[in-house]
Each structure stands twice: as structure tokens, then as C-alpha cells.
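Here are my notes on the model you sent over. Have it open beside you as you go through the points.

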Amino acid sequence: MSLTLSDVTRIAKLAQLEMSEAQSATALEQLNGIFALAEQMQAVDTDGVAPLSHPLAAHMNNIALRLRDDVANEPNRRDAYQTVAPKTQDGLYLVPKVID
């Protein structure tokens, strides 16, 4: 897939971007380079290749991932936050019904 200069100017107009002809030409070259890279990557045969959980997993065994413990480290301030709310009940904010 490749774009034309008119495609780039149309995209710029839709995105409400003001681009000169030189900027459009540069963007066209860069976007076509990205599409060419995507097509090149899609052409690679990946049948039988197991997905990796870590980019170095193919070269190193038993990689210890540095993940933090999943613990709450912020205090519960719900009561303080809800003191300024017009209406609350059981820790929930009450709002007027909008849709019938």
C-alpha cells in the first residue's frame, strides 16, 4: 500500500492540519516508508514460531522479570473526597437521573 500526495493533503485536511507542499511531501515519504516496513514484516513466515514473553527469551533461559508486587500503596481517601459531594450513599456518588 502506498499513498499519494492527494491522500496526504486529504488526511491533513481531515485532521485540520495546515501543511505546506514541502511538509506534505516529507510526510508522504515517511508514511510510505512506514507502510513499506509493515508490508515487509507481514511477508515474514512466522508459522511454527512460538510467541515470546520477553524480547530476550529466545537467547536467555529463565529470565527473571522485574515486576513489582501488586499492592495498594495509596491510602483510602474515599470519605475525604466524598465530603464535598452533594449526595453519597454506601461509598457511591448519587447523581440525578438523566435518561428515562
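1. Glu-39 sits in helix 2, where helices are DSSP runs of H or I with at least four residues, strands are runs of E with at least two, and both are numbered from the N terminus. Glu-39 counts as partly exposed because its relative accessible area is 39%; the cut-offs are under 20% for buried, over 50% for exposed and partly exposed in between, using a 1.4 Å probe and protein chains only. From C-alpha to C-alpha, Glu-39 is 22 Å from Ser-6 in space, and the two are 33 residues apart in sequence.

2. A word on the ground rules. This is a predicted model, so local features need pLDDT of at least 70 and side-chain atom pairs count only at pLDDT 80 or more, while totals for chains, interfaces and linings use all residues. Residues are numbered from 1 along each chain as its sequence is written, and side-chain values use heavy atoms, with hydrogens and water left out.

3. Helix 2 covers residues 21-42 and also holds Ser-24. Is Ser-24 buried or exposed? Ser-24 counts as buried, because its relative accessibility is 1%. Setting aside neighbours within four places in sequence, Ser-24 is in contact with Leu-5, Val-8, Thr-9 and Met-19 (contact means heavy atoms within 4.5 Å).

4. Now the chain as a whole. It has three helices and two strands, running α-α-α-β-β from the N terminus. The radius of gyration is 26 Å, whereas a compact globule of 100 residues would be near 13 Å; the value is taken over C-alpha atoms, and the globule rule is 2.2 Å times the number of residues to the power 0.38. Along its principal axes, the C-alpha trace spans about 60 × 50 × 30 Å.

5. Of the 100 residues, 8% count as buried. The accessible surface comes to about 9,700 Å², and carbon and sulfur atoms account for 56% of that (Shrake-Rupley method, 1.4 Å probe; for residues, only the protein chains shown count as cover). Among contacts between residues at least 6 apart in sequence, 22% join residues at least 24 apart.

6. Last, have a look at Val-95, in the segment after strand 2 (92-93). Val-95 is exposed, because its relative accessible area is 66%. Together with Tyr-81 and Tyr-93, Val-95 makes a nonpolar surface patch of about 370 Å². Patch residues have over 30% relative accessible area and no salt bridge, with like charges joined within 9 Å and nonpolar side chains (Val, Leu, Ile, Met, Phe, Trp, Tyr) within 5 Å; a salt bridge is a side-chain nitrogen of Lys or Arg within 4 Å of a carboxyl oxygen of Asp or Glu.
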